[in-house]
Amino acid sequence: MVEYIQFLVVAVILGGMLTFQVLFAPLIFIKLPNDVARPFIRKFFPFYYLYFGILSIVLVVIAYLLLGQDFGVWLLVLYTASAVGFIVSRQVFMPLANKATDEGRKADFSRYHRITVLINTLQLIAMVVVLWLLT
């Protein structure tokens, strides 16, 4: 049963992250005026990072419970790295990016945004690897 919950949570994380990157974020900037899209995204991201961070922490607990099974240590490492990525993105880089935007420092915003995109991409890759390991 715990293995099924693990698989389901990984699928929810992967599906949610892909849906956001491929569908949600682009449509926000295509369909909404810039003066609406930017504040909306700014309000959305804390929830995004918190939601997926909590799900990643659930996976850390599950991996700990299943530590003796195949790939147990690897799953624990990947889940922990993913959880840390969400926390660091939410608590460190998102506030830095917001402050840079507020102060008109476009280069700094771009750097912080690229870092969060890199973290997010690595998390997506990690979840794909996990699905491969679990199947």
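Q: How many residues has H2, and what distance does H2 reach from its first C-alpha to its last?

A: A helix here is a DSSP run (H or I, at least four residues), numbered from the N terminus. The expected span is 1.5 Å times one less than the number of residues. H2 has 32 residues and reaches 46 Å, close to the 46 Å expected at 1.5 Å a residue. The model is predicted: local features need pLDDT of at least 70 and side-chain atom pairs pLDDT 80 or more, while totals for chains, interfaces and linings use all residues. Residues are numbered from 1 along each chain as its sequence is written, and side-chain values use heavy atoms, without hydrogens and water.

Q: Where in H2 does a kink lie?

A: The bend at a residue is the angle between axes fitted to the seven residues ending there and the seven starting there. In H2 a kink of about 30 degrees lies at Phe-44, shortly before the proline Pro-46.

Q: Is Ile-54 partly exposed or buried, and why?

A: Buried means under 20% relative accessible area, exposed over 50%, and partly exposed in between (1.4 Å probe, protein chains only). Ile-54 counts as partly exposed because its relative accessibility is 47%. The buried residues of H2 include Phe-44, Tyr-48 and Phe-52.

Q: Which residues have the most contacts inside the largest nonpolar core?

A: Such a core is a set of buried Ala, Val, Leu, Ile, Met, Phe, Trp, Tyr and Cys residues joined through side-chain atoms within 4.5 Å. The largest one has 25 residues, and Ile-13, Met-17, Tyr-48, Phe-52, Leu-59, Tyr-79 and Met-127 have the most contacts inside it. Its largest share, 9 residues, comes from H2.

Notes: Helices (H or I, at least four residues) and strands (E, at least two) are DSSP runs, numbered from the N terminus.
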